[in-house]
Amino acid sequence: MIKLEGITKRYDDRTLAVDNVSLEIPSNQLTVLIGPSGCGKTTTLKMINRIISPTSGKILIDGRDISTVDAKELRRGIGYVIQNIGLFPHMTVRENIATVPRLLKWEKSRTQLRLDQLLELVGLEPSVFSDKLPRELSGGQAQRVGVARALAADPPIVLMDEPFGAVDPLTRVKLQDEFVRIQKELSKTIVFVTHDIDEAIRLADRIGVMKDGKVLQYDSAEDILASPKNKFVHDFMGSDRALKRLSRRSVNEFMEQSKPLFVSKGWEQLKEVKESFVWAVDEEGKLIGWIHVSDFKEGKHLSEMLTELSDDEMLSAESTVKEALSRMLESGTMALPVIGKEKEFLGQISMYKIQEITRNG
Amino acid sequence: MAKKTISRKSWIALAVFAGAFLLLISSTGLWETVLSFIFPTTRQVLHPRGTLLRLVGEHLWLVFVSSGLATIFGVGIGIVVTRPFGKQYLPLATNMSSLGQTFPPVAVLALAVPALGFGFRPTVVALFLYGILPIIRNTIAGIQSVSSEVKEAAFGTGMSQLQVLAKIELPLSLRVIMSGIRISAVINIGTATVGATIGAGGLGSPIIAGLVGENPAFLLQGAIPAALLAFLIDSFLGNIEKSLSAA
Ligand SMILES: Nc1ncnc2c1ncn2[C@@H]1O[C@H](COP(=O)(O)OP(=O)(O)OP(=O)(O)O)[C@@H](O)[C@H]1O
Ligand SMILES: [Mg+2]
């Protein structure tokens, strides 16, 4: 855990960049610091690896006051992606990434192994990129190298200052998705600075909203969206706050159980159905469509009443509730079925349930 | 490291040129014939101090010693004034290195003689003082051109001050520093001729003698090799400069 206790930073020119900030940043989670330009995010971040020293207050990492630790030692255990990447222009991609392992005097073979592993992790083909110089990389590739360099010696803590700032929105979303995957795998303690609220919501476990050097609210991403403490946080989260909240929720959590109908079996199953319609599956339990109960006539085979569903009308269990809502609006239905990887029927999510979520938080 | 940007061709061209130069300055007979032909009325066309080869040797030694010292101290000073502990001397060093250039070399020599007497040593001192300035200037410029982001990233990885200097700042400014050394050496080849006025020898001897004794043959004997030597050294150091990784 990283603990900031009453941290204040006043620069030599009297600028009060950080004003009495206290935060507890939990281990193995991704904490985002967000706020408008100049609010002190970078300054806060740089005090954690002692690039900047606070004017007052102290910072503890796992209970140890970092001002008592040798700065070089401290930094070798903290990965750092600076704003604007800062790759070493005279070194190849490989040499850039190997910086910390070399400082730590790793054996060549170990470094080598780690390099290939890291390049693959950040989605860069080692044989293509290893020997390139930074100026031969695109913005997105350079940012991947920056992330790989920070992760090189497998530090438990990683500080990232707008690591995906300098790329187009599409690439940014791609990098974020990959990063979510990486973090799932590695579970680092990450402090992540951004001023992009969508990025924050996509990545954060916890969010600290900053303004004028102060942390206005520090909570889990869900709580900040559900109950912003003041007007600034409220406005910063945007007018589509409710939708953003839904984007943090997975369909999995709100799926309702319902018993599907086996189309291959007899119509007697319909007797047990209480709703006006029922989801229909084939003999292997794979979802194929739905049946209106009122369409039923004695002697008619179930398959004759079946309305088939396209793939767009089925949700995977990992989809977000926001996606579910969007699909419902698109297809004009009040409920959608949820399926597993093999298309097996898992349950359903309904408009009614979604309203309940937004109402109750 | 980065790919080398220099072609083998320029090194080969340089070697050929250097060979031709060596041949030229060792062909005493050739000089005598040609100079007697151009200046038929002159009784003595070859400078008596020594062979051309020896004069070039003296000249190179002057330049080598003074530029070598200038490089060591110039780069050293440039590094020191860009460290946190030497910061307060940075404006001084910057001002001195641009101001010093406006000082005529003869004046430096004139000042050095009373302190060190005549001959080799005062000339080396004068050339050293004169040649150190572009090196200091370029070392400072080179180190300052390394972006603060890159340095911050370097410190962020846990490098020490010394490691940042050795692994980041110097490699990234090497080319600019080398260019300062080249400028300094070329200036010194020209300036070294002035050393002959106080008896330091070198290619300045025939030039001064030629001027004093109104003997244009002597003059050419000093001026032509000096010009070629300057060109040779300039190309040599220029090649090294280009072969350093371009960042
Ligand atoms: N070295 C410095 N000297 C003086 N003032 C500084 C220095 N660095 C930053 N500041 C000031 O401190 C305040 C906070 O800066 P900081 O870089 O932490 O902001 P930020 O939140 O990271 O902004 P951005 O989103 O634009 O990167 C700003 O007002 C800035 O001008
Ligand atoms: Mg910043």
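How much space lies in the largest pocket? About 930 Å³. This is a predicted model: local features need pLDDT of at least 70, side-chain atom pairs count only at pLDDT 80 or more, and totals for chains, interfaces and linings use all residues. Residues are numbered from 1 along each chain as its sequence is written, chains are lettered from A in the order in which they are written, and side-chain values use heavy atoms, without hydrogens and water.

**The pocket.** A pocket is an open set of points on a 1 Å grid where a 1.4 Å probe fits, with protein on both sides within 12 Å along at least five of seven lines; lining residues have an atom within 4 Å of a point. The volume is the space filled by probe spheres set on the points. The lining has 28 residues. Nearest the centre are Val180(A), Ile201(A), Arg202(A), Ser247(A) and Thr320(A).

**The interface.** Here 21 residues of chain B are in contact with 25 residues of chain A, with heavy atoms within 4.5 Å. The salt-bridge rule asks for a side-chain nitrogen of Lys or Arg within 4 Å of a carboxyl oxygen of Asp or Glu. It finds one across this interface. Lys46(A) and Glu152(B) form a salt bridge at 3.1 Å, N to O.
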